[in-house]
Amino acid sequence: MKKVIFILLIIFVMGVYVLYVLNYIKHKSYTNEYFGIEVVESTIDYDHDGIGDYQDILDGAKQTVINRVEYKSAYYEGGYPPEDEGVCTDVIWRSLNNAGYDLKALVDADIAANIEAYPRIDGKPDPNIDFRRVPNLHVFLERNTVSLTTDIRQTEEWMPGDIVIFSDNHIAIVSDVRNSKGIPFIIHNGNQYRREDDTLEVLDLIKGVTGHYRFELKTNL
């Protein structure tokens with residue numbers, strides 16, 4: 001009997017651990033101020049709404065959490081999915097749109113002018129989908145924005161509104177809250193239970209962080 005109880009206890013503990021790792025059990029979060037981390041503010045207010053770009057991008061990402069868009073990967077004429085549908089890349093253009101940026105137009109223009117830089121395109125641009133593919137966004141961000149450390153242990157280098165890429169198959173926005181180690185939560189849509197969660201460390205372990213960017217355009221596209 002004791003052996004059965006012990007086995008059941010082990011199964012229970014393991015189940016709780018899995019639920020915790022998958023963020024079904026909410027993780028405790030901490031502010032940047034708690035760690036003495038000074039948040040970098042953007043000097044650009046692209047849409048002239050009185051809010052800096054980085055905060056605008058973060059606010060746009062937070063709205064995607066509130067909206068809890070259904071995860072659905074599909075091809076759409078005109079490029080944009082319905083408001084209640086999307087994938088990880090749709091979090092990005094929606095967040096940037098909140099700051100006044102038209103990511104689709106920016107990506108399409110850069111592809112048209114530098115098609116050889118985009119191997120995923122294979123010489124055949126498709127404006128209906130190009131801006132919704134992680135490899136294309138990786139190239140665009142690397143070419144046109146500020147590239148930062150991919151080491152998540154350099155916690156002070158990770159700011160709210162930053163964009164992070166994992167293995168060219170997932171992308172997210174960095175949140176303004178952190179876990180007990182000071183590693184920030186991320187805002188993303190991979191059809192997970194919580195759209196703002198403590199998974200940067202797990203995804204870095206499983207996939208690897210392959211890009212970390214701050215959206216400040218190097219040139220006028």
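# Close-up views of a predicted model

View 1. The model shown here, as in every view, is predicted. Leu22 sits in the loop between helix H1 (2-21) and S1. Together with Tyr24, Ile25 and Tyr193, Leu22 makes a nonpolar surface patch of about 380 Å².

**View 2. Tyr46 and Tyr101 form a stacked aromatic pair.** Their ring centres are 4.1 Å apart, with 15 degrees between the planes. The cut-off for stacking is under 30 degrees, so this pair qualifies. Tyr46 belongs to the loop between strand S1 (30-31) and helix H2 (53-67). Tyr101 belongs to the loop between helix H3 (88-97) and helix H4 (103-113). The pair thus links distant parts of the chain, 55 residues apart. Tyr46 is partly exposed, at 45% relative accessibility. Tyr101 is buried, at 6%. The whole structure has eight aromatic pairs.

**View 3. A cluster of rings.** Tyr30, Tyr34 and Phe35 are joined into a cluster by ring pairs.

**View 4. Strand S5 is covered on both faces.** Ile163 and Ile165 lie on one side, and both are buried. S5 runs antiparallel to S6, and four bridges join the two. Phe166 has His170 as its bridge partner in S6. S5 is also joined by four bridges to strand S9 (residues 209-214), again antiparallel. There, Val164 has His212 as its bridge partner.

**View 5. The hairpin turn between S5 and S6.** Three residues separate the two strands of this hairpin. Ser167, in the turn, has a positive phi of about 50 degrees. Asp168 is found in the loop between strand S5 (163-166) and strand S6 (170-178). Its phi is positive as well, about 55 degrees, although Asp168 is not a glycine. Asp168 is partly exposed, with a relative accessible area of 31%.

**View 6. Asn191 also has a positive phi.** The value is near 70 degrees, in a residue other than glycine. Asn191 lies in the loop between strand S7 (184-187) and strand S8 (196-197).

**View 7. Asp90 and Arg132 form a salt bridge.** The closest N and O atoms are 2.8 Å apart. Asp90 is in helix H3, while Arg132 is in the loop between H4 and helix H5 (134-144). The partners are 42 residues apart, so this bridge links distant parts of the chain. Asp90 is buried, at 0% relative accessibility. Arg132 is buried as well, at 7%.

**View 8. Lys104 meets Asp108 within helix H4.** Their side chains form a salt bridge, 3.0 Å from N to O. The two residues are four apart, about one turn of the helix. Both Lys104 and Asp108 are buried.

**View 9. Lys181 and Glu201 form a salt bridge.** The closest N and O atoms are 2.9 Å apart. Lys181 lies in the loop between S6 and S7, and Glu201 lies in helix H6 (residues 200-206). The pair therefore ties together parts that are 20 residues apart in sequence. Lys181 is exposed, at 54% relative accessibility. Glu201 is partly exposed, at 27%.

**View 10. A network of salt bridges.** Lys62, Asp176 and Glu196 are linked in this network. The structure holds nine salt bridges.

Methods: Residues numbered from 1 in each chain as written. Predicted model: local features only at pLDDT ≥ 70, side-chain atom pairs only at ≥ 80, totals over all residues. Heavy atoms only, no water. Phe/Tyr/Trp six-rings, centres within 6.5 Å; stacked < 30°, edge-to-face > 60°. Buried < 20%, exposed > 50% of the residue type's maximum accessible area, 1.4 Å probe, protein only. Patch = residues over 30% accessible without salt bridge, like charges linked within 9 Å, V, L, I, M, F, W, Y side chains within 5 Å. Areas by Shrake-Rupley, 256 points an atom, 1.4 Å probe, with all protein chains shown as cover. Salt bridge = Lys/Arg side-chain N within 4 Å of Asp/Glu carboxyl O. Pairing = 2+ DSSP bridges.
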